[in-house]
Amino acid sequence: MTLSNREIANIFDSVADMLELKGEIVHRVLSYRHAADAIRETPRSLSAMAEVGELKTIPSIGKTLEEKIQEMLATGTLQMYENLKAEIPPGLTEILHVSGVGPKRALRLWKELGIADLGQLKEAAEAGKLRAMSGMGAKTEQRILEGIEQLEKLKTEGRTPLGVALPIAQSLLDLLMEMPQAVNGSVAGSLRRARPTIGDIDLLVASDDPQPIIERLGSLANVARVLWTGPEKTSVELLNGKQVDLLIIPPDRWGAALHHFTGSQAHNIHFRELALEKGLSLSERGFKRVDTGEEVLVATEEEVFALVGMPYIPPEIREDWGEIEAALENRLPDLITLDDMHADLHMHTTWSDGTLSIREMANAALARGRKFIVITDHSRSLGITNGLSIERLLAHQQEIRQVDREMGGKIRVFHGTEMEITADGTLDYPDEVLEKLDFVIASLHTGLRQPREQVTMRILNAINNPHVDLIGHPRGQLIPNREPADLDMDAVFQAAKASGIALEINANPHRLDLEAQYARRAVEMGIPLSINTDAHRAGEMDLLHYGILTARRGWVEPASVINTWSLERFLEWAQKRGR
DNA sequence: GCCGTTTTCGGCCCGACTGTTTTCAGTCG
């Protein structure tokens, strides 16, 4: 059984933890961590890359780690890891992830108190045994207990989906920006980069008078308690348990601060190295000339980039996935925006599990400026959604044609389906039915936990059917708690490329599927993408921007997305696909 | 362990906060 990318990344992270506990130099530890992160963000399978000798094209993978990956692929294990596990109790790496416990403390907890896992740490802290150690007091003990609580909560609840955090953050920020002292404001952190899930909500406000703004946040209705407050920052916990960190920045330092707190950390490190090459040391407070020590304040992010000699890099792609090199060479992508979109090719009505009629959905789409839509109710085998029998599918078409006529050309309404790829891989409607439809989506909703070969075979079968135009939410993940299906994405992309089919970026914030790195790979291979809301009610049509954010993270330009095409071009493309 | 128009060795971002110190190590983002 070949190890997956995820499993290999997890082993590298464990190795990093154990090396850190052993007191290994920090840069060696970081090499393993960076490699683990890079592997998680790699859209191709390591085994396929190993076969063609391309492992070293992954950033942070050099000769040594390439060999270790090859060893894992060949043997299913890593001897070095096994040796480390014999030396360091594996449970000890768990307590390394408690906030307030680093490698030094973890090691001392083990050696001096015999604590080897999270449970033992909790027990000892509750019994007040930690404060006996030199350098540890009651406060540290308390902080560790809170850290354990936080970690346990994260395990049960998972991270916060973007679609939950962003509206909360934006509404809090709007309230703070009503203050006369607030000059400028932004969400920051992974939320501004639009990662699919985030930890804490980071807010930045520019002002010369922090206190009133800090007090305002603490007094808002959905704030449960103030966790901590200082002269320029504060942390609060919302009623829903989410933590919000607010930082107030002097307006003349805004650019540097916003850049710093947007990250990612990897982007910042790389960017600062470049700044140093230009004799500039960059921190969240601004630049400093290395030779004279003179401060150079930057009020806008544009100036931050300009001082290091590059154009503005949009926040969504600041992950150190090559954006800095691209900026230096003036080949940043012209990222897609919401304004580029004028079609939605995936939505449901009361014919299956939607809440509005075809007519109501058409009007809702028209009100949002869409020029054409496809009604794609579920197919017959998905009984729980009231999926359409062939007879109902044909009646469905009649009503759609009627609504399309009624709309008088203000918006075009087409007839499609979101057809099940059933558990045995057959498609839910025969070809002679599919060829009557304007547009066919095929999706997996069942059997997502099947073994890799089986689930991949099913999706390839759909891709290879000439009547299928789009694979809906290809990986089947649900954010934050359902993992994607174990698909061989290299095979999926190759088949998609060969068949000319499109792949979806499902805009629903619980899906965001394809995720950014896969979207980017698809574009690189010349596979068309389609960004759709999968709306079951009118309001869900307003979630389109999450799909746009995801596409932007994947370096997607408008031309790669069929929803940006003219009606004529879309129809011509769909015609060519077997009908 | 990675990486390279100041390359194959010697670097590897930067500052703030915390608690327990007696001048700073450890941790965090």
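**First stop: where domain 3 meets domain 4**

Two salt bridges run between domain 3 and domain 4, a salt bridge being a side-chain nitrogen of Lys or Arg within 4 Å of a carboxyl oxygen of Asp or Glu. Select E316 and R552: they form a salt bridge, and their closest N and O atoms are 2.9 Å apart. On the side of domain 3 that touches domain 4, you'll find four nonpolar, one polar and three charged residues (nonpolar is Ala, Val, Leu, Ile, Met, Phe, Trp, Tyr, Cys and Pro; charged is Asp, Glu, Lys and Arg; polar is the others, Gly among them).

A word on ground rules before you click on. This is a predicted model, where local features need pLDDT of at least 70 and side-chain atom pairs count only at pLDDT 80 or more, while totals for chains, interfaces and linings use all residues. Residues are numbered from 1 along each chain as its sequence is written, chains are lettered from A and ligands numbered from 1 in the order in which they are written, and side-chain values use heavy atoms, with hydrogens and water left out.

Now colour chain A by domain: domain 1 is 5-157, domain 2 is 160-249, domain 3 is 253-328 and domain 4 is 338-576 (bounds from an automatic or database domain assignment). Show domains 3 and 4 together. Eight residues of domain 3 are in contact with seven of domain 4, with contact meaning heavy atoms within 4.5 Å. About 700 Å² is buried between the two domains, 56% of it from carbon and sulfur atoms (buried area is the accessible area, 1.4 Å probe, that two parts lose on being put together, summed over both).

**Second stop: zoom out**

With a cartoon of chain A on screen, there are 24 helices and 17 strands to pick from (DSSP runs: H or I of at least four residues for helices, E of at least two for strands, numbered from the N terminus).

Select R216 and E178, whose side chains meet in a salt bridge at 3.6 Å, N to O. R216 lies in helix α12 (residues 210-219) and E178 in the loop between α10 (162-177) and β2 (184-188), so the pair ties together parts that are 38 residues apart in sequence.

Most residues other than glycine have a negative phi, and most peptide bonds are trans. Which peptide bond is cis, with omega near 0°? Go to G263 and S264 for that one; S264 is in the loop between α13 (254-262) and α14 (265-277). Then jump to I479 and P480, joined by a cis peptide bond with omega about 10°. P480 sits in the loop between β15 (470-471) and α21 (489-499). Finish at S60, where phi is near 75°, a positive value in a residue other than glycine. S60 lies in the loop between α3 (46-51) and α4 (63-75).
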